[in-house]
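This report concerns a model of two protein chains. The sequence and coordinates are shown first, and the description comes after them.

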Amino acid sequence: MLIATPPEIPSSEITPQSQYLNRRRFLRAALATSTAAGATVLGADRIAEILSPSVTVLAGTKLETVKSPLTTSGEQLTSYNDITSYNNFYEFGVDKDQPAKNAGLLPIRPWTVRVEGKVKQPRTFDIDDLLKLRPLEDRVYRHRCVEAWSMVIPWVGYSLSEFIRQCDPLPSAKYVQFLSYYDKRVEKWGEQTNISWPYSEGLRMDEAMNPLTLLTFGLYGEVLPNQNGAPLRIVVPWKYGFKSAKSIVAVRFLERQPPTTWNDQGPNEYGFYSNVNPNVDHPRWSQKIERRIGQPFYAQRRTTLMFNGYGDQVASLYNGMDLRRNF
Amino acid sequence: MKRSTLITFKTIAWLACLWPLSRLLWGAATNNLGADPTATITFATGLATLRILTLSLAITPLRRLSSRLGWLIKFRRLLGLFAFFYASLHLLTYIALYAGFDVNAMAADIAKRRYITAGVVAWLLLLPLVATSTNWAIRMLGGKRWSRLHTLVYAAAVCGVIHYWWQVKPGVLTPLTITVVLAVLLLARPIQTWMQRGRAHPA
């Protein structure tokens with residue numbers, strides 16, 4: 001059999017990343033100008049697609065990582081393909097395969113994170129500074145979706161607590177709210193739902209400070225693909241997946257519990273805490289069992305563990321709380 | 001209709017009805033049922049059930065449109081039995097892959113989850129129809145009683161569609177197409193009866 005080897009691309013022909021990104025920025029600016037000028041025969045979206053096809057900038061770039069004692073062992077990792085093609089990211093479509101197709105439009109550079117609310121001084125962090133704030137750790141976590149499927153994902157990041165310390169929250173800050181990127185010109189699929197955007201999630205301060213809560217920049221040792229929440233997201237492994245907000249642009253420190261998207265959508269289906277709990281059913285299905293993604297049909301079924309198996313590290317956060325009422 | 005034509009059509013009908021199953025078997029053999037194979041199997045068998053059942057319900061209104069379509073009756077049993085076949089695969093998927101043969105879990109589901117209740121009811125309604133699907137059973141019951149018993153298929157189809165609506169997330173509209181088609185087919189019956197009566201006894 002003949003296998004054609006792809007021609008090598010001399011490094012001299014590779015566009016430096018910075019220029020590549022500048023080109024996109026230039027195109028976006030040019031597009032805005034031309035749109036303003038009314039030169040939109042084809043429609044802005046179509047032009048954007050032709051000039052700048054929805055490629056995933058930066059995704060796949062290797063990250064320098066270190067080992068972590070907080071990683072989960074003894075689990076078979078879900079494949080990169082399944083992790084990056086089976087996503088819930090409703091801003092880019094409600095079907096599982098839509099985010100992978102559509103999230104290329106997410107403008108992940110330049111990217112800043114606003115820190116506001118109960119802090120000594122509101123400030124803005126640049127994504128490239130956040131990447132260098134602490135050593136990036138490889139952390140394998142189980143990921144349990146409220147829809148009763150699960151994965152095992154090797155994330156890359158550092159504990160959110162490290163970032164929160166940099167934010168200097170006031171003692172009155174009891175909750176942290178995370179707001180995701182939203183621009184309805186980019187995420188037009190979000191407009192096809194009755195959800196009010198931007199996506200909002202929140203944690204109690206002690207949950208956010210737990211070392212397991214990960215400020216996440218990558219997976220499988222590489223920069224996050226956009227559909228997985230690039231350029232940065234949180235991962236809260238003992239809670240249902242929707243608590244782990246993606247593509248974060250603002251972090252707010254608050255005295256009171258913030259409104260959160262799915263809790264607002266269906267308070268009887270999705271609680272504020274949403275800890276993985278096999279004893280509290282979703283109204284439409286049992287949470288005792290989960291289906292592991294990527295396994296053959298006869299081997300998918302698994303027993304769901306309390307706190308997704310992270311009880312040793314987090315159960316004490318909820319001492320004295322009725323987890324059936326505070327689901 | 002010539003015997004050879006009938007055989008050709010029956011072969012086509014069999015192949016078409018076996019198509020969803022072959023796709024699943026092929027997918028299982030090549031490990032190509034998507035990221036969540038259990039969900040893929042559940043959806044494919046459920047959809048095949050509703051589609052084939054809807055086709056079987058199209059036969060009577062079509063035959064009443066024209067006397068030249070009388071031969072369609074030869075396909076109704078085949079479609080009905082295939083609908084039951086897929087409904088049973090769908091139920092088996094739930095029993096084996098979701099409930100893991102856990103009787104307590106199934107009892108709790110049927111009691112608590114209305115979409116499961118509706119689905120199980122739909123399957124149970126099809127049972128007596130399958131049991132009386134032979135020529136012998138039709139002779140034993142007599143045409144009239146047999147026909148009356150087989151009106152249960154309307155209830156089964158309605159339960160099936162309700163099961164579909166109750167299972168999807170609020171706001172998701174995927175069950176709309178099959179619902180509209182089924183509604184047209186069910187409404188066609190009284191409308192056709194009314195029109196034929198009008199023709200027979202002009203006012």
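## Basis of the description

This is a predicted model, in which local features need pLDDT of at least 70, side-chain atom pairs count only at pLDDT 80 or more, and totals for chains, interfaces and linings use all residues. Residues are numbered from 1 along each chain as its sequence is written, while chains are lettered from A and ligands numbered from 1 in the order in which they are written.

## The two chains

Chain A contains nine helices and 13 strands, and chain B has nine helices and zero strands. Helices (H or I, at least four residues) and strands (E, at least two) are DSSP runs, numbered from the N terminus. The order of elements along chain B is α-α-α-α-α-α-α-α-α. The C-alpha trace of chain B spans about 60 × 40 × 40 Å along its principal axes.

Of the 327 residues in chain A, 38% are buried, and of the 203 residues of chain B, 26% count as buried. A residue is termed buried if 20 or more other C-beta atoms lie within 10 Å of its own, exposed if 12 or fewer do, and partly exposed in between, with C-beta atoms placed from the backbone.

Two residues are in contact if their C-beta atoms, placed from the backbone, lie within 7 Å. Among contacts in chain A with a separation of 6 or more, 71% join residues 24 or more positions apart. The corresponding share in chain B is 66%.

## Strand pairing in chain A

Five strands of chain A form an open sheet in the order β3-β2-β11-β6-β7, with mixed pairing. At the edges stand β3 (123–126) and β7 of chain A, each with a single partner strand, so one side of each has no neighbour in the sheet. From one strand to the next the twist averages 20 degrees; angles run from 0 to 180 degrees between the N-to-C directions of axes, which are lines fitted to C-alpha atoms.

Two strands pair if DSSP finds at least two bridges between them.

| Strands | Sense | Bridges | A facing pair |
|---|---|---|---|
| β6(A) and β11(A) (residues 248–254) | antiparallel | six bridges | A:Ser180 and A:Ile248 |
| β5(A) (residues 149–159) and β12(A) | parallel | two bridges | A:Trp149 and A:Arg291 |

Strand β7 (residues 200–204) of chain A has four of its five residues buried, so it is largely enclosed by the rest of the structure. In a regular strand the side chains alternate between the two faces of the sheet.

## Contact between the chains

The chains meet through 16 residues of chain A and 15 residues of chain B. On the chain A side, the elements that give two or more residues are α3 (80–85) and β12 (289–292) of chain A. By class, this side comprises six nonpolar, six polar and four charged residues. Here Ala, Val, Leu, Ile, Met, Phe, Trp, Tyr, Cys and Pro count as nonpolar, Asp, Glu, Lys and Arg as charged, and the others, Gly among them, as polar.

## A helix pair in chain B

Helix α3 (residues 76–98) and helix α5 (residues 114–131) of chain B pack at an angle of about 140 degrees, with their axes 10 Å apart; for helices, each axis is fitted over the stretch in contact. The two helices are therefore oblique to each other. Angles under 35 degrees count as roughly parallel, over 145 as roughly antiparallel, 65 to 115 as roughly perpendicular and the rest as oblique.

From α3(B), the residues B:Gly80, B:Leu81, B:Phe84, B:Ala87 and B:Leu91 meet B:Trp123, B:Leu126, B:Leu129 and B:Val130 of α5(B). This contact has eight nonpolar, one polar and no charged residues.

B:Val130 lies in helix α5 of chain B. Leaving aside neighbours within four places in sequence, B:Val130 is in contact with B:Leu81 and B:Phe84. B:Val130 counts as partly exposed because 17 C-beta neighbours lie inside 10 Å. B:Val130 and B:Trp19 are 111 residues apart in sequence and 21 Å apart in space, C-alpha to C-alpha.
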